[in-house]
Amino acid sequence: MKTEKQKLGAVGENLVATHYVRRGYGIVERNVRYPFGELDLIVEDSDGTTVFVEVKTRRGTGFGSAESVTGRKLTRMRRAATTWLQGRHYREIRFDVVTVVIDPATGGYVLDHYEGVDDGAR
């Protein structure tokens, strides 16, 4: 049985997956887990670039969003991406962070897409 946090995360990941599809990306994989890290979404742009996406979903703005993706988190993402890429053909890659803030009163949401994140928040 999923916790409320897991349910919220799944809602955010679905919204972000739809966001990428609308922009012409293909969904490659979702929720790829390794002992040392997880990849929320792996998508592919029409130019062949593979994008590893970290999704942060919050109810309201009280706990921040993009700033919760630290350098340590990006290091774990890179390690997971390196493992996922093993045995695959060379490709361009990118790391994105997408935040989803859901208004608990209305159910509406705001999505912010940060492309090409190289360093996490400090």
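Author: Two terms come first: helices (H or I, at least four residues) and strands (E, at least two) are DSSP runs numbered from the N terminus, and two strands pair if DSSP finds at least two bridges between them. In this structure, five strands form an open sheet with mixed pairing, in the order β1-β2-β3-β4-β5. The edge strands, each pairing on one side only, are β1 (26-34) and β5 (109-114). This is a predicted model, in which local features need pLDDT of at least 70 and side-chain atom pairs count only at pLDDT 80 or more, while totals for chains, interfaces and linings use all residues. Residues are numbered from 1 along each chain as its sequence is written, and side-chain values use heavy atoms, with hydrogens and water left out.

Reader: What pattern does the protein follow along the sequence?

Author: The pattern is α-β-β-β-α-β-β, and the secondary structure comes to two helices and five strands.

Reader: How many bridges join β2 to β3, and in which sense do the two strands run?

Author: Strand β2 (residues 37-44) and strand β3 (residues 50-59) run antiparallel and are joined by four bridges. Leu-41 stands opposite Val-53 in β3. The two strands form a hairpin with five residues between them, and Gly-48 in that turn has a positive phi of about 95°. On its other pairing, β2 meets β1 in the antiparallel sense over seven bridges, with Ile-27 opposite Val-43 in β2. A hairpin of two residues joins β1 to β2.

Reader: Which residues of α1 are buried?

Author: Buried means under 20% relative accessible area, exposed over 50%, and partly exposed in between (1.4 Å probe, protein chains only). An α-helix has 3.6 residues a turn, so residues three or four places apart point the same way. In α1, the buried residues are Leu-8, Gly-12, Glu-13, Val-16, Ala-17 and Tyr-20. Their cover includes β1, β2, β3, β4 and β5. Just after α1, Gly-24 takes a positive phi of about 95°.

Reader: How many residues of β2 are buried?

Author: Six of the eight residues of β2 are buried, and the strand is mostly covered. Of the 122 residues of the protein, 38% count as buried.

Reader: Which residues have the most contacts inside the largest nonpolar core?

Author: A nonpolar core is a set of buried Ala, Val, Leu, Ile, Met, Phe, Trp, Tyr and Cys residues joined through side-chain atoms within 4.5 Å. The largest one here has 13 residues, and those with the most contacts inside it are Val-16, Tyr-20, Leu-41, Val-43, Val-51 and Val-53. The elements giving two or more residues to this core are α1, β2, β3 and β4. Its largest share, four residues, comes from α1. Apart from this core lies another, of twelve residues, among them Leu-39, Ala-80, Phe-95 and Val-97.

Reader: How are aromatic pairs read, and how many does the structure hold?

Author: Rings of Phe, Tyr and Trp (its six-membered ring) pair if their centres lie within 6.5 Å; planes under 30 degrees apart count as stacked, over 60 as edge-to-face and the rest as tilted. The structure holds four such pairs. The rings of Tyr-34 and Phe-36 have centres 5.5 Å apart and planes at 5°, so this pair is stacked. Tyr-34 is partly exposed, with a relative accessible area of 23%. Ring pairs also link Phe-52, Trp-84 and Phe-95 into a cluster.

Reader: Where does Asn-31 lie?

Author: Asn-31 lies in strand β1. Its phi is near 50°, a positive value in a residue other than glycine. Asn-31 counts as partly exposed because its relative accessibility is 28%.

Conventions
Contact means heavy atoms within 4.5 Å.
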